[in-house]
Amino acid sequence: MAGKSERLIWSVGAGGATVGDFHQELTKYAEITVRVGLNLQKGQTLFITAPLEAVEYVRVVTREAYVVGAKHVHVEWHDEQLDLLKYLHAPEEAFSEFPKWRVQQGEQLVEAGAALLSIYASDPDLLQAADPKRVATDQKTRLTAMAKMREAIQNMRISWLIVSIPTKAWAAKIFPQLTEKQQIDKLWEYIFKTTRVDLDDPVAEWKKHIVELQKRAAFLNEHNFRKLHYQAPGTDLTIEFPEGHIWISAESTNAQGTMFVPNMPTEEVFTLPKRDGVNGVVTSTMPLHYNGVLVENLSLTFENGRIVEFSADRGYEAIQGLVETDEGSHYLGEVALVPHDSPISNLHTLFFNTLFDENAACHLAIGSAYPVCLKGGSEMDEDTLRQHDVNQSVEHVDFMIGSKDLQIDGQTVKGEWMPIFRNGNWA
Ligand code: ZN
Ligand code: ZN
């Protein structure tokens with residue numbers, strides 16, 4: 001699933017817009033955000049982190065939130081250029097300190113059962129000039145300080161949602177051949193398409209989509225596969241699953257029993273791997289945007305779950321920073337299946353944004369697992385999770401491994417092998 005926690009805590013970016021039908025679509029987008037994604041309840045508080053360029057969308061979302069009965073809507077505006085300035089000019093010690101008031105803010109939101117909306121729209125090239133060590137230290141400091149909030153997010157105790165809006169810098173990266181206005185319009189078009197906003201009744205379309213994904217998850221859960229074997233050029237990987245693992249799709253349930261959809265768009269069905277049960281080599285099939293850097297042709301070698309070797313044609317230092325964050329960032333935390341023939345993949349566009357790219361391809365995540373992917377996992381403390389082979393880390397970073405050349409076979413509890421994916425799609 002989309003690398004949730006880091007994005008909620010650190011959301012960046014900015015977007016403009018035109019008139020006419022656009023406002024109608026923007027309203028529909030706000031409707032699915034509030035009514036399907038967040039499923040905001042009467043009396044609930046909504047907390048939004050947004051880039052400055054999202055102001056138009058945030059206003060429509062805020063109105064929609066009050067229409068369904070929100071008590072408070074708080075917005076934290078964010079300008080990623082200020083992050084860059086800090087990495088370039090702040091003193092070294094600034095990256096190992098994190099303000100208590102921000103930690104308290106997060107904890108109070110969790111206690112109040114607030115819903116969190118994160119608008120993720122980062123400039124993929126933002127941090128090219130920044131020192132990767134500073135970025136890595138800053139990331140680790142933030143994620144460690146925000147542990148309680150991360151825990152609430154990862155265990156789905158509170159409702160949360162990540163969506164995107166176009167920003168100038170991001171749209172320019174995806175469509176360099178277009179004019180600035182065309183870039184923004186094109187990205188809106190793609191966002192509306194992939195979130196089903198272009199259809200007549202997006203709320204109804206989402207209900208249908210959720211049911212379809214649930215069927216895939218049910219198939220995998222019924223077979224209770226012991227392991228999956230991945231084969232593709234540069235990939236020969238076996239992933240075992242722990243006893244009691246659960247395949248999950250679009251919908252989650254918060255502590256109050258309210259359903260919500262944490263990622264829009266979403267096309268994946270995912271679970272957690274057995275911490276020590278990953279062996280072999282895997283090669284990424286799409287560039288990964290991590291901490292403002294593009295990582296290309298990433299290859300990871302695993303022995304008994306641990307990353308023992310890695311290489312990348314571009315962004316090696318960023319991956320090194322990621323893997324060396326803590327012990328858990330040497331292991332995998334997520335296994336997700338997405339057919340090659342999917343609405344996002346069929347746009348044949350690299351979005352340089354994990355929310356979209358991970359939903360275009362099968363992926364894995366380095367770092368923590370979602371405890372909800374294990375029977376009773378949400379109620380387990382850290383030691384118990386460890387005993388159940390559930391990986392934990394302050395990191396969770398998805399990378400894409402799907403392609404038309406990917407074959408996946410599953411081993412049943414009886415030891416028989418069965419095709420799961422052929423040529424990138426469900427077998
Ligand atoms: Zn993920
Ligand atoms: Zn995923």
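# Group meeting: a tour of one predicted model

Let's start with Tyr 230. Setting aside neighbours within four places in sequence, Tyr 230 is in contact with Thr 235, Asp 236, Leu 237, Ile 239, Val 335, Leu 337, Leu 364, Ile 401, Leu 406, Gln 407 and Ile 408. Contact means heavy atoms within 4.5 Å.

Some ground rules. This is a predicted model: local features need pLDDT of at least 70, side-chain atom pairs count only at pLDDT 80 or more, and totals for chains, interfaces and linings use all residues. Residues are numbered from 1 along each chain as its sequence is written, chains are lettered from A and ligands numbered from 1 in the order in which they are written, and side-chain values use heavy atoms, with hydrogens and water left out.

Now the core. Which residues touch the most other members of the largest nonpolar core? They are Tyr 230 and Leu 337, in a core of 124 residues. Helix α2 (residues 21-37) gives this core its largest share, 7 residues. At least three residues come from each of domain 1 (5-202) and domain 2 (217-254 + 265-426). Those bounds come from an automatic or database domain assignment. There is also a second, separate core of 9 residues, with Ala 94, Phe 95, Leu 126 and Ala 130 among them.

A nonpolar core is a set of buried Ala, Val, Leu, Ile, Met, Phe, Trp, Tyr and Cys residues joined through side-chain atoms within 4.5 Å. Buried means under 20% relative accessible area, exposed means over 50%, and partly exposed is in between (1.4 Å probe, protein chains only). Helices (H or I, at least four residues) and strands (E, at least two) are DSSP runs, numbered from the N terminus.

Next, Gln 231. It sits in strand β5 (residues 227-232). Gln 231 is partly exposed, at 36% relative accessible area. Beyond four places in sequence, Gln 231 is in contact with Asp 236, Asp 405, Leu 406 and Gln 407. How far is Gln 231 from Pro 132 in space? The C-alpha atoms are 32 Å apart, and the two residues are 99 apart in sequence.

On to the sheets. Strands of a sheet pair through backbone hydrogen bonds, either parallel or antiparallel. Here, two strands pair if DSSP finds at least two bridges between them. Strand β5 belongs to an open sheet of 8 strands, in the order β14-β13-β10-β6-β5-β18-β19-β20, with antiparallel pairing. At the edges are β14 (306-311) and β20 (425-426), each pairing on one side only. Look at β5 and β6 (residues 235-240): they pair in the antiparallel sense over 6 bridges. Lys 227 has Glu 240 in β6 as its bridge partner.

Another pair is β16 (residues 363-367) with β17, antiparallel over 5 bridges. Gly 367 stands opposite His 396 in β17. Strand β17 (residues 396-400) has 5 of its 5 residues buried, so it is largely enclosed by the rest of the structure. His 396, Asp 398 and Met 400 point one way from β17, and Val 397 and Phe 399 point the other way.

Now a helix, α9 (residues 180-194). Its 15 residues, at 1.5 Å a residue, should span 21 Å, and the end C-alpha atoms are 21 Å apart, which agrees. That expected span is 1.5 Å times one less than the number of residues. Buried residues of α9 include Leu 187, Trp 188 and Phe 192. The buried residues of α9 pack against α2, α8 (168-174) and α12 (354-357). Just after α9, Arg 196 takes a positive phi of about 65 degrees.

Last, salt bridges. The rule: a side-chain nitrogen of Lys or Arg within 4 Å of a carboxyl oxygen of Asp or Glu. The count comes to 18. One of them joins Arg 102 and Glu 76, at 3.4 Å, N to O. Arg 102 lies in helix α5 (residues 100-111) and Glu 76 in strand β2 (residues 73-78), so the pair ties together parts 26 residues apart in sequence.

Another joins Asp 409 and Arg 422, the closest N and O atoms being 2.6 Å apart. Asp 409 is in strand β18 (residues 407-411) and Arg 422 in strand β19 (residues 417-422), so this pair ties together parts 13 residues apart in sequence. Are these two buried or partly exposed? Asp 409 counts as buried at 15%, whereas Arg 422 is partly exposed at 34%.

That's the tour. Thanks.
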